[in-house]
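Trainee: Please show me how to read a few features of a protein model. Where shall we begin?

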Amino acid sequence: MADPEESMIPETDERLSSIDRLRRDWRTSWQAPALLGALALLVGGILYSVLTAPKPDLTPAINRAERLIDQGSHQEALEVLKTRIFPYLNEDPGEPTPLGRRYHLGVARALYRAQAEMGIDLEVNHRNVLSHYFEAERQGAVLLPVDQVALANTYLSLGETTAARMRADELPDDAQNMRLAIYRRLVDLLLGKPNAQKEQALELLSEILGDPALPPDDRAWALARQTRVRLDQGYSDEAITRLLRAAPRVEEASPAIRGELRLLLGRAYVDISAITEAERQLLQAQELLLPGSPLQGEALYYLSKIDEVRGDTQTGRERLAMAVERHPDSRTHRLALMGLAEAEAALGETAESQDVYRGLVEAINDANGSGSPGPTEATQSLIAQYRDRLARDEIEEALAYATIASDLYTLDSLPADVLAALATAHRRAGERIIGNAQLSALDPSSQAEAQRHLIRAASYYRLHAETFVLTDNDQYARSLWLAADLFDQAGDRAEAIAAFRLYADGVPGDARNAEARFRLGRAFQSMGDHATAASYFRDLIDEEKLGIAADVGPYAELSHVPLAQVLLADADASNDEEAGRLLRRMISGSMGDAETAQYRQALIELGRVHYAAGDYERAIEHLEEARSRYPSDKRITEIRFLLADAYRLSAREIIDRLSAEAMPGSTKRQLEATARERRIAAMAGYEQVRGAIEQLDPRQRTPLMNIQLRNSYFFLGDCAFDLGEYRTAILHYDRARERYANDPSSLVAMVQIVNAHIEEGDMGRARTANDRARRFYNSLPEEVWDDPSLPMGRRDWERWLDSSSRLYEVSAVPTD
């Protein structure tokens with residue numbers, strides 16, 4: 001038997017028969033098991049056993065199927081068509097048959113009605129309905145008005161409005177109610193489309209209203225739809241005039257539809273601020289509308305707008321809450337949500353306001369941004385709340401509103417005002433946590449939170465800059481600078497370098513270009529890339545010398561000290577002298593007096609340089625000047641520690657010299673006095689350092705501060721020991737040992753206690769202390785002694801060896 005499906009050509013360019021569509025799609029089109037079973041064999045193909053059987057008389061079967069359709073037994077009818085007709089249907093291409101007409105018309109009707117009664121709305125089913133109707137028409141079937149309605153509704157379900165209108169227009173005059181039902185659905189569909197199709201809706205509505213015999217309910221319905229369009233377009237005065245003129249023609253319409261017209265009239269009066277008349281119309285609308293109608297939600301919303309004008313926020317909030325809770329299907333549901341969120345905010349209920357805004361955002365996202373309010377209107381409302389909270393310095397609330405606004409968009413589509421709000425709120429939040437302190441001085445938890453805010457702020461500023469890269473160079477530069485600055489503050493050096501580089505390269509004529517390059521140098525310096533850092537600092541210094549660039553002067557001066565620092569820090573010892581010259585030049589007065597930041601930094605850095613180089617005399621000179629000149633400097637504790645340590649180590653050098661050189665007695669006595677004075681000065685400095693650091697919250701101490709605190713404890717004991725004050729030394733060592741009981745540095749204190757007891761001649765206590773030191777030493781792994789920050793050097797190990805030997809010698813001497 002030839003395949004009859006090859007000849008079935010629907011009204012499309014795609015040559016695909018209706019039965020081809022059925023076979024391809026029906027198996028996936030029905031969600032209900034009963035209907036899926038009814039269609040399975042029709043979709044799946046012809047049973048072989050049936051195909052090979054003799055062809056029976058199909059008239060009784062097709063008659064039965066048609067009766068079942070008339071009786072509303074659509075699934076049973078499909079079963080008959082599937083099993084009793086389809087297997088024996090012999091359709092040749094181009095050959096209409098009476099059975100074929102009846103079969104395709106029956107399948108179209110049964111499938112359309114079965115899907116409708118089951119509440120299924122699948123495109124594949126709609127396409128199959130069309131295919132069978134087309135084939136029935138091709139084979140000469142005359143469609144009844146109900147079939148034209150089915151075709152029109154199927155087209156509407158597929159969004160094909162032009163074809164639907166054509167089928168509706170073909171209905172006979174006595175099927176006016178059917179045509180109007182299609183027109184209603186068509187208008188509602190067009191009104192949900194972009195503005196271009198709203199004009200089509202208005203044209204159709206004008207045609208409908210032009211019929212003098214139009215029933216009152218249909219006229220009122222068309223008038224209501226026409227009015228909605230005009231109100232949406234801003235023609236409120238015109239809408240009022242048209243409604244008032246048309247009112248006598250719809251007096252006999254049902255109360256519900258007249259209630260909608262009153263509602264729209266009230267809305268129009270609200271739009272032109274005719275508050276008293278608006279309220280009267282809206283209250284009358286509420287009386288006419290059904291209690292559970294979604295239109296009640298609209299009435300409540302526009303009444304709340306009247307409350308807003310009157311300044312009665314509480315009443316407005318109550319109406320809006322009722323509209324949101326009782327009428328979620330209202331056209332104004334999202335408007336009511338936004339109004340309620342704004343009212344809650346105005347009444348100081350910030351948490352409730354934000355919850356409602358989140359519901360609004362969810363509703364907008366669920367609708368893919370269509371409808372009103374859309375993302376733009378909701379964003380404007382949220383940004384207004386953000387600005388209000390920011391002005392009140394309510395940073396967390398401001399950030400919450402900005403974050404809710406961001407949920408309306410993907411990261412790549414965030415509008416500039418939302419990016420700016422997020423950036424500013426995160427920056428302010430980070431700055432609030434830091435306060436007047438340094439980020440590094442915060443406790444770890446606060447530091448992490450502040451960094452998180454600063455990095456997010458920087459990221460949003462960078463995205464904000466990108467939105468202006470082609471349209472506003474000044475705004476681009478401002479936002480990019482803030483991004484780079486905040487990345488730098490947060491300690492994200494890699495991102496800071498990327499942003500400052502972009503700024504330096506992309507905004508060459510900006511006044512902050514020199515600062516950007518200076519900060520690039522500092523960022524590379526902090527990352528240990530000394531060569532790159534030096535190149536930035538040298539360029540700034542050279543440009544200032546040659547007068548190449550404006551505004552480079554201050555940053556050229558500021559570059560001297562960091563250039564010296566990187567030259568000293570790199571592996572090339574040949575440039576250390578250049579570093580020294582740079583620092584000496586800075587404190588020579590040629591680039592400013594002692595009150596300048598450059599002089600201060602160079603002076604402190606010179607002290608550090610000489611200290612690190614072991615030139616303790618010069619270190620003391622510069623650090624003493626820094627301590628006396630700048631007692632309020634944020635680095636004063638570090639200065640005091642370095643100065644104290646320089647005094648201690650200088651005294652040790654003096655003693656070493658005394659034991660190594662022959663000299664006159666007077667010189668020797670003078671040096672001994674100097675060594676003693678420096679040890680006393682060192683102890684005073686260590687005490688100051690210890691007191692200053694211990695006053696700080698432990699969470700605010702930097703790692704360097706912790707090392708300085710620990711070493712101050714031990715070095716106080718060392719100085720007392722070297723002064724010959726062994727009792728005092730033992731007290732300091734005991735304090736250090738108790739404070740750092742589990743720290744490897746505790747061994748230093750234990751060993752020195754041994755030495756102090758030996759110097760006092762108390763061998764018993766010395767031996768007990770030595771045993772304790774050995775036990776502690778044996779409890780630690782070997783690698784702990786590789787830590788260069790431990791206050792135990794070669795001299796300390798030598799002392800312990802000597803002490804152990806002396807104790808062994810004493811214990812080996814026989815007693816009488």
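Mentor: Begin with Glu-578, which is partly exposed, with a relative accessible area of 22%. Keep in mind that this is a predicted model.

Trainee: Why does Glu-578 count as partly exposed?

Mentor: Buried means under 20% and exposed means over 50%. The 22% of Glu-578 falls in between, so Glu-578 is partly exposed.

Trainee: Which side chain does Glu-578 meet in a salt bridge?

Mentor: The partner is Arg-538, with an N to O distance of 2.8 Å. This pair links distant parts of the chain, since Arg-538 belongs to helix 27 (residues 530-546) and Glu-578 to helix 30 (residues 576-586), 40 residues apart. Arg-538 is also partly exposed, at 31% relative accessible area.

Trainee: How many residues apart are Asp-169 and Arg-165?

Mentor: They are 4 residues apart in helix 9 (residues 161-169), which means about one helical turn separates them. Asp-169 is partly exposed at 38%, and Arg-165 is partly exposed at 21%.

Trainee: What joins the side chains of Asp-510 and Arg-512?

Mentor: A salt bridge, at 3.6 Å from N to O. Asp-510 has 24% relative accessibility and counts as partly exposed; Arg-512 is partly exposed too, with 27%.

Trainee: Is His-426 buried or exposed?

Mentor: His-426 is buried, because its relative accessibility is 5%. It sits in helix 22 (residues 416-434). Neighbours within four places in sequence aside, His-426 is in contact with Leu-399, His-453, Arg-456, Ala-457 and Tyr-460.

Trainee: How are two packed helices described?

Mentor: The description uses the angle between the axes and the distance between the axes. Take helix 33 (residues 636-660) and helix 35 (residues 703-722): their angle is about 30 degrees, and their axes are 11 Å apart. An angle under 35 degrees counts as roughly parallel, so helix 33 and helix 35 are roughly parallel to each other. Helix 33 crosses helix 35 in a left-handed sense.

Trainee: Which residues of helix 33 meet helix 35?

Mentor: They are Thr-637, Glu-638, Phe-641, Asp-645, Arg-648 and Arg-652, and among their partners in helix 35 are Leu-704, Gln-708 and Phe-715. By class, the contact of helix 33 with helix 35 has 4 nonpolar, 4 polar and 6 charged residues.

Trainee: At what angle do helix 36 and helix 37 pack?

Mentor: Helix 36 (residues 726-739) and helix 37 (residues 746-760) pack at about 160 degrees, and 9 Å lies between their axes. Angles over 145 degrees count as roughly antiparallel, so that is the word for helix 36 and helix 37. Their crossing is left-handed. The residues of helix 36 in this contact include Tyr-726, Ile-730 and Tyr-733, and those of helix 37 include Ala-749, Met-750 and Ile-753. The contact of helix 36 with helix 37 divides into 8 nonpolar, 3 polar and 5 charged residues.

Methods. Residues are numbered from 1 along each chain as its sequence is written. This is a predicted model: local features need pLDDT of at least 70, side-chain atom pairs count only at pLDDT 80 or more; totals for chains, interfaces and linings use all residues. Side-chain values use heavy atoms; hydrogens and water are left out. Axes are lines fitted to C-alpha atoms, for helices over the stretch in contact, and angles run from 0 to 180 degrees between N-to-C directions. Helices (H or I, at least four residues) and strands (E, at least two) are DSSP runs, numbered from the N terminus. Angles under 35 degrees count as roughly parallel, over 145 as roughly antiparallel, 65 to 115 as roughly perpendicular and the rest as oblique. A crossing is left-handed if the near helix is turned anticlockwise from the far one by less than a right angle, and right-handed if clockwise. Contact means heavy atoms within 4.5 Å. Ala, Val, Leu, Ile, Met, Phe, Trp, Tyr, Cys and Pro count as nonpolar, Asp, Glu, Lys and Arg as charged, and the others, Gly among them, as polar. Buried means under 20% relative accessible area, exposed over 50%, partly exposed in between (1.4 Å probe, protein chains only). A salt bridge is a side-chain nitrogen of Lys or Arg within 4 Å of a carboxyl oxygen of Asp or Glu.
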